[in-house]
Amino acid sequence: APAPVPTTLDAETLWRQDRDHFVHPFTDFSVFHDKGCELITDAEGIHVQDIHGNRFIDGIAGLWCVNVGHGRAEIGQAMAEQATRMAYFSTFNNLSNAPATRLAAKLAELAPAHLNHVFYSCGGSTANDATIRLVHYYFNRLGKPNKKRILSRHNAYHGTTYLAASLTGIESNNWEFDTLDGLVTHLSEANLYRRPEGMDEAQYCDHLVAELEATIAEIGADNIAAFIAEPIMGAGGVLVAPRGYHARMQEVLRAHDILYIADEVVTGFGRLGHIFASEAVFDTQPDVINLAKGLSSGYAPLGATLISDRLYEVLGTPQGKGGVLSTGFTYSGHPVSCAAALKNIEILEREELCANVREVGPYLEQALATLSRHPTVGDVRGSHFMMCIENVADKDTKALFPVDARVGDRVAFEAQQRGLIIRPVGHLNVISPPLIWTRDTVDEAVAILDEALAATAESLRRDGYL
Ligand code: PLP
C-alpha cells in the first residue's frame, strides 16, 4: 500500500466516539464491539484515505454511488451556492424550487421517451417505497383496488424501509426483522451460475418466464399491481439475467396489465455505460424507473421515480373531493441535492463518462476473468463497472465455504492491506468502481486482487478450510 499521509484528526477519540455512539447500518456486531470502525476521512478522484493517512483505490464508488469520483469541487460549489441562496423551502402545496424543476426537465430529456414525470424522494429505499404507494394509488383511481400484489425476486435488494425491505428478497437481510405479510411474492432470481443442471441459457430463460406465467395464473392478474426488478441484480450477487429475460418478462406483464418497475438505483447513471440501462441495454420500456445513488454521485442524498405519461395521466387527475396527492417527503426535491445532481449530470456528459465505461468496462471484465485461475474463484461475473467474484470451496460442485470462514471478508481484507477497497457481501466480493477508472487503474486493481486472492487461499489453507 502507498505510504501513509499525516493527518491532523484525533484518531483515537473519533474511533471511540464512533464505537460508543454511532449505530451503523448493516453492522456486524460480532466484530464491531472490539474492532469498531475504520474512519475514512478524505477522498480525491479514485482514491480515499483513512484517518491514519492510508490511501486506497476506491473499488466500490463509496457504495456503488460516487460515479463521477471523489473531490469534485464544482459539485461542492454548486451545493454551497444553492445552500447560501436558498437552502430549503417546501415543494408541497404548489411550491417549487429552481434546481428541482431543472433536474426534473433534465431527467425527462435523458429518459426513454415515455418517461416524462419525476417524483422525488431521499434515496433508493424511499424511491421504491413511494413508487409502490403511487402504483397502488394509480390502480385504486382506475377502479381496480384489488391490484395490490407486487412481484419481486429472491435475492433482490430494494432497500430497508418497511416496504422496501418487504420487496427485498435477500433472506439474511431480513433475519429477525419483520416484513409486510401478503404484499410481495418473490419469484426466482435469474442466476446463470447456479441455474438448474442441464439447462442452457435459452432454456433457463424459458423456465423463468414460465414461472412468471404460472405465478400470474395462480394469483390472478387482477390481484397483481407490478413487477419490480433491478436490470442487473446488485447486492444479491451481481446477477446478469439470461439474454432476453427482461424483455420477455415485460411482454408477459404487459399482456396482463401488470406494471414493470425498473430499480435502476445502481445501474442508472453510467455504471453499465448508459445513463439508463433499461432501454439501452435490456430493451425494456418500464412504466417506472427508480433512481438514487449515481443520480447525485452520492454528493447529497437524493432519489427519484420516473413516471410514464400513461401513469401520470391518472396520478395527475384531480381527486374531486378536495383531496391531493398526499404522499412525499419534506426533502422531496431538496434544492441542494438537486443542484448537486444537475452538476453531476453536467460532469457525466462533459467528460463522456458513459463512453469511458463502454470502453474500459469490457477491459475490466476481461482482466477480472483472469482471476478465475485461483482455486477459490468459482465465478467472475457482471457487466462493465458492476462486477463480482463468487468465492467457492469447490469449483466442481460450487460448494460454499462454511459461513464462519468469512471468505468475502478475507479477500476484502487482503485487498485493503494492499491498497484497494472492494466490498464483501457474504461469500461474494463486489467491484463497482467510480466511472473514471482507466485501463491503468484496472491493471493496478486486478494485480492487487490477484495477490489478495493468493493470500486468501493461503490463509484458508492455514485455517483448515481449503
Ligand atoms: N435499490 C437498489 C437496487 C439498491 O442497490 C439500493 C441500495 O443499495 C437501494 C435500492 C436502496 O437505496 P438507499 O440505500 O439509498 O435507500
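**Strands, core and ligand shell**

Trainee: In which sense do β5 and strand β7 pair, and over how many bridges?

Mentor: β5 and strand β7, which covers residues 224-229, pair in the parallel sense over three bridges. Please keep in mind that this is a predicted model. In β7, Ile 224 is the bridge partner of Arg 149.

Trainee: And how many bridges link β5 and strand β6?

Mentor: Four bridges link β5 and strand β6 (residues 184-187), and the pairing is in the parallel sense. Within this pair, Ile 150 stands opposite Val 184 in β6.

Trainee: Through which helix does the chain cross from β5 to β6?

Mentor: The chain crosses through helix α7 (residues 162-167), and this β-α-β crossover is right-handed.

Trainee: Why is β5 said to be largely enclosed?

Mentor: Strand β5 spans residues 149-153, and five of the five residues are buried, so the strand is largely enclosed by the rest of the structure. Both faces are covered. On one side of β5 the buried residues are Arg 149, Leu 151 and Arg 153, and on the other they are Ile 150 and Ser 152.

Trainee: What about β14, and how many of its residues are buried?

Mentor: Six of the six residues of strand β14 (residues 386-391) are buried, so β14 is likewise described as largely enclosed by the rest of the structure. One side of β14 carries Met 386, Cys 388 and Glu 390, and the other carries Met 387, Ile 389 and Asn 391; all are buried.

Trainee: Which residue stands opposite Cys 388?

Mentor: That residue is Arg 381. Strand β13 (residues 377-383) and β14 pair in the antiparallel sense over six bridges. The hairpin of β13 and β14 has two residues between the strands, and in this hairpin His 384 takes a positive phi near 50°.

Trainee: How many bridges does β14 form with strand β17?

Mentor: β14 and strand β17 (residues 428-431) pair over four bridges, in the antiparallel sense. Here Met 387 stands opposite Ile 431 in β17.

Trainee: What holds paired strands together, in general?

Mentor: Strands of a sheet pair through backbone hydrogen bonds, and the pairing is either parallel or antiparallel.

Trainee: Changing topic: how many residues are in the largest nonpolar core?

Mentor: The largest nonpolar core has 128 residues. Those with the most contacts inside it are Ala 226, Phe 227, Ala 304, Leu 306, Ala 340 and Leu 420. Helix α15 (residues 439-462) gives the largest share of this core, nine residues.

Trainee: Now the ligand: how many residues surround it, and which are the closest?

Mentor: The ligand is surrounded by 14 residues, and the closest are Gly 123, Gly 124, Ser 125, Gly 159 and Val 265. Helix α6 (residues 124-141) supplies the largest share of the shell, three residues.

Trainee: How does the shell divide by class?

Mentor: The shell has five nonpolar, seven polar and two charged residues.

Trainee: Which strands make up the open sheet of four, and in what order?

Mentor: The order is β1-β2-β3-β15, and the pairing is mixed. The edge strands are β1 (40-44) and β15 (420-421), each of which pairs on one side only. Strand β2 (residues 47-50) and strand β3 (residues 55-58) pair in the antiparallel sense over three bridges, and Val 48 stands opposite Phe 56 in β3.

Trainee: One more strand: how many residues of β4 are buried?

Mentor: Strand β4 (residues 115-121) is mostly covered, with five of its seven residues buried. Six bridges join β4 to strand β12 (residues 303-308), and the two run antiparallel. In this pair, Ser 121 stands opposite Gly 303 in β12.

Technical notes:
Residues numbered from 1 in each chain as written. Predicted model: local features only at pLDDT ≥ 70, side-chain atom pairs only at ≥ 80, totals over all residues. Pairing = 2+ DSSP bridges. Near = placed C-beta within 6 Å. Nonpolar A, V, L, I, M, F, W, Y, C, P; charged D, E, K, R; others polar. Buried ≥ 20, exposed ≤ 12 C-beta atoms within 10 Å, placed from the backbone. Right-handed = clockwise from strand over helix to strand, strands pointing away. Core = buried A, V, L, I, M, F, W, Y, C linked by C-beta atoms within 7 Å.
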